[in-house]
Amino acid sequence: MFDEKICEFNLGRQKIKISTGKIARQAGGSVVISCGGTVLLVTATRSKDVKEGQDFFPLTVDYIEKFYASGKFPGGFIKRETKPGTDEILISRLVDRPIRPLFPEGFLNSVHIVITVISYDEINFPENLATIGVSAALGLSDIPFAGTVAGVTVGYINGEYILNPTSEELLESEIHLSVAGTKEAVTMVEAGAREVSEEVMLEAIMFGHERIKEICLEQEKFLSQFDVKKYEFEKKEVPSEIKEFIDSFENEVENAIMTPGKLEKYEAIDNLETELFEKYLEKLENEQNENLQDKDFLKDLEKDFKGYYRDVEKKLVRNAILYKKYRADGRTTTQIRPLDVEIDTLPIPHGSALFTRGETQALVVATLGSKEDEQIIDGMEDESRKKFFLHYNFPPYSVGEAGFMRAPGRRELGHGNLAERALKYVMPDEETFPYTVRLVSEITESNGSSSQATICGGSLALMAAGVPIKSTVAGIAMGLIKEGETFTVLTDIQGLEDHLGDMDFKVAGTKNGITAIQMDIKIEGITREIMEIALKQALDGRMFIIDKMESVISCPRPEVAKNAPKIEIFKINPDKIAGLIGPGGKNIRAIIDETGVSIDIEDDGKVSIFGNDAEKMARALELVKLQTQSVELNAIYEGKVTKIMKFGAFVEVLPGKEGLLHISEISDKRIAKTEDALKEGDIVRVKVISIENEDKFNLSIKALNNK
């Protein structure tokens, strides 16, 4: 029934299988790709037409994890997958970035790629297969695409590079690198690292690229079985009359580009565009062009004019950098924008910093919390918790726009994840610093590299809050202008250079090494030489920024902020946990209700008391210790008489610990009835004279009198 074709090949320790022709046959192109028990269904489909007036390429990549893939039910009330989680969005971006530059210029049909994880063995990561599957699905479709492309993960353990490491290996690895590319060049890099050198990171990228070449060759063999006719489209050319007219005003366009200040620059460029278009219309009127009465003609004319005007703007910016080594804001190619560093910007938060680089500014705030504040992660794998997390916000006002404040989008999640990764490798372990830590970055101004400003501001806010991070972390974004074999690498790119350039290569780290990198490109790939130069310039820039940051605060404060909550941690005998909690949580709730603190108890007997009031913390500590103390032989206690019996009385010497005070041990004199000497509620001093077990022991008042 099915004309299924299969490709299998070995990749390091793993076997990858790609098949097509059996599932999702109405999609433009579809494959099922698997490794071990992890299986993905990948489809690529294009729209039939281009929307009227559309002048951009709409590419959407959706990565979807199904809970059934690992035999789990979705959490929550409705018990079904809803909107994608953060990890799903991040993997969607991981796939989108390496393939986007490989679609031809002028192709404007919508392309929708769907990656569905339908089986997951918790050993082989789906993201390692996703890019390969997308490349194969695109190759089988009629969508024009300059593939093939592949992606791998690289680890680094004991001086050895590991291909597609397992989750256990990643715990030991010095690097967690995702790299993608074609046979010819690298197209995407994303990594976190434990302060590794530029040389180690570069070799990791090259190691990954060698494996990528192997996968691309296997894909080509597989795709060669199919006679796929690619969709042909016509790229619209701008009329030569418009080109000649705008080209004659290149000096004016260049002057507008060199206007100081981001908003002023954009205003000058836009105003000149409007002015030149009006002049062109006047020219056509003087020529008595009859088409001016046609609304469709005017609409197309304006679109062509604006499009070519932006092409000229791009050409002039790039030429100035490439051949004159001169940037639109007057800097040299390696010069960093003016820096301003400030801590303790806000009076109440536990730690805060304001980091400004040129016209990009991040207000970053640190909050310290307890175990209750940990972020719970629910996905295909077992539920997990995070003690450190960073949230990045990009409001419209940061770029001078009016807009809507919505939930974080893919960009915000991606930037926040990059900054979090850069900082997490210098965070203290739980034993050293048991707090949960949340960082929030509010981008208050933006002209490029806001994620790197977040890293710098985050490092400052953590140190100001007294979080004992290992080293100061700074981040910087590198750019690229490349024409043929000629290229220039830029240090600390601003928004215009990111928009009109060929690369955005972000590098973050300490003075000891790299903690995170991310590379996106707009061309078909970059070489080892370019990456080597970019990493060297990034190192120089990072050192300069760290020196500036450390002139304000050179190391974490020795104590957390005065208004930050305090934590008291100690160990109890694990056998005492049940008694501390009490039936139905009665005992622990009583302590919390009385003192207002938070208490966390772990299975190994570790008890954490968390609160803001020192007196209440001390009281809670006293009550916990009382609940968990053991009765000791010969110890003297003040106890409360809880029950009168004919043969004596029971006295509670510790919470829940009652001993027998026999009638013969109440006094040196003979007592006929217990009631003659004691009544319920009396407070008496007693000595433990014998212990049979934890809950059975004998007391004496007489022994104290004879002492």
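**Ground rules**

I number residues from 1 along each chain as its sequence is written, and side-chain values use heavy atoms, with hydrogens and water left out. As this is a predicted model, local features need pLDDT of at least 70 and side-chain atom pairs count only at pLDDT 80 or more, while totals for chains, interfaces and linings use all residues.

**Entry 1: salt bridges**

I began with the charged pairs. I took a salt bridge as a side-chain nitrogen of Lys or Arg within 4 Å of a carboxyl oxygen of Asp or Glu. By this rule I get 49 salt bridges.

One of them joins K386 and E420, with N to O at 2.6 Å. What does this pair tie together? K386 sits in strand β15 and E420 in helix α9 (residues 410-424), so the bridge links parts that are 34 residues apart in sequence. For helices I used DSSP runs of H or I with at least four residues, and for strands runs of E with at least two, numbered from the N terminus.

I then looked up how covered the two partners are. My classes are buried for under 20% relative accessible area, exposed for over 50%, and partly exposed in between, with a 1.4 Å probe and protein chains only. E420 is buried at 11%, and K386 is partly exposed at 26%.

Next I checked E374 and K371, whose closest N and O atoms are 3.5 Å apart in a salt bridge. E374 is buried, with a relative accessible area of 8%, whereas K371 is partly exposed at 28%.

**Entry 2: helix α15**

Helix α15 covers residues 614-628, and R619 and E622 both lie in it, three residues apart, about one turn of the helix. The side chains of R619 and E622 meet in a salt bridge, N to O at 3.4 Å. R619 is partly exposed at 31%, and E622 is partly exposed at 41%. I also noted a network here in my list: R327, D329, R331, R337, R357, D492 and E497 are joined by salt bridges that share partners.

E615 is in α15 and counts as exposed, at 67% relative accessibility. From E615 to P408, which are 207 residues apart along the chain, I get 40 Å between C-alpha atoms. L623 is also found in α15, but L623 is buried at 12%. Its C-alpha lies 45 Å from that of E88, and L623 and E88 are 535 residues apart in sequence.

**Entry 3: helix α12**

How many residues does α12 have, and how far does it reach? Helix α12 (residues 528-550) has 23 residues and reaches 32 Å from its first C-alpha to its last. That is close to the 33 Å expected, where the expected span is 1.5 Å times one less than the number of residues. I listed the buried residues of α12; among them are I530, A534, Q537, A538, G541, R542 and I545.

Y309 lies in helix α8 and is buried, with a relative accessible area of 0%. The C-alpha atoms of Y309 and L272 are separated by 9.8 Å, and the two residues are 37 apart along the chain.

I then looked at backbone angles. K325 has a positive phi of about 55° although it is not a glycine. K325 is in the loop between α8 (295-324) and β11 (339-343), and is partly exposed at 42%.

K79 likewise has a positive phi of about 55° without being a glycine. Its loop runs between β5 (59-65) and α1 (86-99). K79 is partly exposed at 47%.

**Entry 4: a negative patch**

Which residues form the negative surface patch? D87, E122, E381 and D382 do. My patch rule takes residues with over 30% relative accessible area and no salt bridge, joining like charges within 9 Å and nonpolar side chains (Val, Leu, Ile, Met, Phe, Trp, Tyr) within 5 Å. Asp and Glu count as negative, and each charge is placed at CG of Asp or CD of Glu. E381 sits in the loop between β14 (375-377) and β15 (384-386), and is partly exposed at 35%.

Technical notes. Accessible areas come from the Shrake-Rupley method with a 1.4 Å probe; for residues, only the protein chains shown count as cover.
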